Amino acid sequence: MDTTFSELNLPAPILRALDDMGFQAPTEIQARAIPAILGGQDIIGKSHTGTGKTVAFGVPSVLHTVPTGQTQTLVLCPTRELAMQAEGELRKICKYTDGVRVLAVYGGDPITGQIRQLKRGVEIVVGTPGRVMDLMRRHALDLESLSLAVLDEADEMLNMGFREDIETILQTTPPTRQTVLFSATMPPEILEITGEYQHMPALIEAGNTAERTIDTISQYYFEVPRGEKERALTLLLHAQQPRLSIIFCNTKKMVDELGRCLSEHGFQASALHGDMKQDMRTSVMNSFKSGRTPILIATDVAARGIDVDDVDAVYNFDIPQDFEYYIHRIGRTGRAGRTGASYTLIDSPRQISIIRSIERFTHAKIERKPLPDYHAIAAQRSEKLCDSLRTALLEKNNGVASRFSAHPILEALTADGYTTEMVAEIALEHLLHHEMASIPEIHAPKPEKPAKAAPLHEGCVRLRVSIGRSRNVAPNHIVGAITEATGISGKRIGKIQCFREYSLMEIPGELAQRIIHKLSGHAIGGTPVDVRLYREPGDSRHDHPDRRPRRHGGGSFKGKPSRRRK
């Protein structure tokens with residue numbers, strides 16, 4: 001049986017904050033780690049990215065904190081992007097908790113501003129090991145009152161060479177502190193740290209469901225023009241006409257809005273979310289199971305208890321906020337040995353990188369499909385109308401009486417000089433117009449024009465990073481992310497071209513796989529990125545950046561590096 005956040009005995013301010021964040025039920029790592037941390041136990045959490053680890057340690061961090069101005073919780077993250085993300089989540093968790101202050105500290109931002117905020121008093125500090133060490137050396141960060149230390153993405157911090165910094169930091173904290181460690185893998189170095197700096201830690205492994213590929217479900221995504229998701233969904237439902245389908249939204253508000261939208265477009269759809277009374281939820285589910293209501297629109301927590309074997313399709317109107325929710329969602333179809341399909345709508349280029357992260361998390365391919373063609377649907381409806389007319393003509397020839405007679409209309413029109421062929425043609429056109437009246441015509445986003453990339457230096461390759469100028473990313477941001485994630489010197493990175501939705505960079509061939517492996521899934525400017533080899537124009541698999549790129553440096557790999565950082 002699935003656990004709810006309220007069953008974890010969390011106070012009302014925390015439950016209210018989690019509800020605002022769109023979380024209605026804990027993931028496995030949250031359900032198991034939160035009680036253990038609140039109980040004062042050291043834990044080792046083995047869980048992949050995307051399983052909700054920040055909430056797992058964030059909720060206990062806020063609840064353990066007293067607003068005294070002294071730092072009581074320290075969260076160490078491998079990169080500044082992860083530190084910024086964790087800070088943002090923690091701020092949301094303590095939204096209704098008075099007096100708890102959160103600060104992210106990391107390189108790349110002026111240290112003087114961070115020192116000023118620490119002097120004013122901060123209860124929860126999130127930071128990279130290097131900047132935390134720097135602040136400790138300057139006596140700006142005092143850890144004497146620390147009660148909880150969290151090592152997030154510990155294996156990544158070790159891969160980046162932060163072990164000595166981590167040990168130095170932990171050695172300066174009180175021996176009575178509680179230590180929580182999260183890691184996707186368990187290399188020997190992790191076990192050495194746990195053995196020296198944790199006291200009888202409990203191992204919590206979670207997220208294994210994401211490692212199972214659901215072979216009976218075909219997974220697809222559609223790129224939709226911004227602001228056209230509702231129209232695109234109605235187009236899909238008209239084209240595919242599933243007998244039973246479930247549409248998932250991240251919030252209760254969106255469930256209600258989408259329910260009204262589909263009803264206005266002639267679909268029989270019912271909403272299901274946590275604000276509904278139990279008798280209403282039971283009525284909705286019975287109607288869906290019987291097929292009287294073919295479309296169910298639901299939030300994740302409301303859909304956990306759905307046990308219907310013959311759901312044809314699942315539609316992700318919103319990308320789930322936790323990757324485990326994706327597994328739960330698509331698992332509503334393809335049950336009991338049947339096949340099924342899932343469709344995810346995305347309306348911004350940055351969401352493509354999230355799709356790629358879900359692929360890695362689930363070990364399953366999510367295939368891109370074009371939106372259904374409006375004219376193809378019209379042809380489909382014409383064929384269906386033709387079949388209906390054949391059936392009606394056959395019945396008439398067999399003497400089956402019709403409820404209505406068209407003779408008075410036909411006689412009146414032929415008396416006006418119109419032939420029966422003309423009347424039949426215009427009547428069929430009216431029928432088709434009525435059939436297509438509620439179906440929107442949407443044009444897929446236009447592909448960007450190919451760029452003329454500069455010639456590669458000998459022994460170099462070009463990589464594509466799925467973020468660009470639309471996310472306010474400049475070459476120095478990408479260089480900083482590479483050096484932080486891989487330890488590779490910025491001097492070894494060649495030209496970087498930032499286009500509207502992604503960027504191209506030139507690097508030595510022997511570094512390609514290392515950068516792809518370490519940087520993929522890494523956040524730049526708060527957005528996880530996908531990194532892959534770029535296919536040059538002429539290759540059918542290549543990507544199309546837009547014109548007028550912003551260039552980095554002069555392409556030199558030697559001598560003084562160009563001005564990448566401020």
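The model is predicted, with local features requiring pLDDT of at least 70 and side-chain atom pairs counted only at pLDDT 80 or more, whereas totals for chains, interfaces and linings use all residues. Residues are numbered from 1 along each chain as its sequence is written, and side-chain values use heavy atoms, with hydrogens and water left out.

Helices (H or I, at least four residues) and strands (E, at least two) are DSSP runs numbered from the N terminus, and two strands are taken to pair if DSSP finds at least two bridges between them. Strand E2, residues 73-76, pairs in the parallel sense with strand E4, residues 124-127, over four bridges, and Val-75 stands opposite Val-126 of E4. Four bridges also join E2 to E5, again in a parallel arrangement, with Leu-151 of E5 as the bridge partner of Leu-76. In a regular strand the side chains alternate between the two faces of the sheet. In E2, Thr-73 and Val-75 point one way while Leu-74 and Leu-76 point the other way, and all are buried; here buried denotes under 20% relative accessible area, exposed over 50%, and partly exposed the range in between, with a 1.4 Å probe and protein chains only.

Helix H3, residues 53-63, is likewise mostly covered, 10 of its 11 residues being buried. The buried residues of H3 include Lys-53 and Thr-54 as well as Val-55, Ala-56 and Phe-57.

Cys-249 is found in the loop between strand E9 (245-248) and helix H11 (252-264), and is buried, with a relative accessible area of 0%. The C-alpha atoms of Cys-249 and Phe-317 are separated by 5.6 Å, although the two residues are 68 residues apart along the chain. With neighbours within four places in sequence left aside, the residues in contact with Cys-249 (heavy atoms within 4.5 Å) include Met-254, Leu-258, Asp-300, Phe-317 and Arg-329. The structure holds zero disulfides, a disulfide being a pair of cysteine sulfur atoms within 2.5 Å. Among the other cysteines, Cys-77 is buried with a relative accessible area of 0%, and Cys-460 is buried with a value of 13%.

Most residues other than glycine have a negative phi, and most peptide bonds are trans. Against this background, Asn-9 has a positive phi of about 60° although it is not a glycine; Asn-9 lies in the segment before helix H1 (12-20) and is exposed, with a relative accessible area of 70%. Glu-153 also has a positive phi, near 55°, and lies in the loop between strand E5 (148-151) and helix H7 (154-159), but Glu-153 is buried, with a relative accessible area of 10%.

Leu-393 lies in helix H16 and is exposed, with a relative accessible area of 55%.
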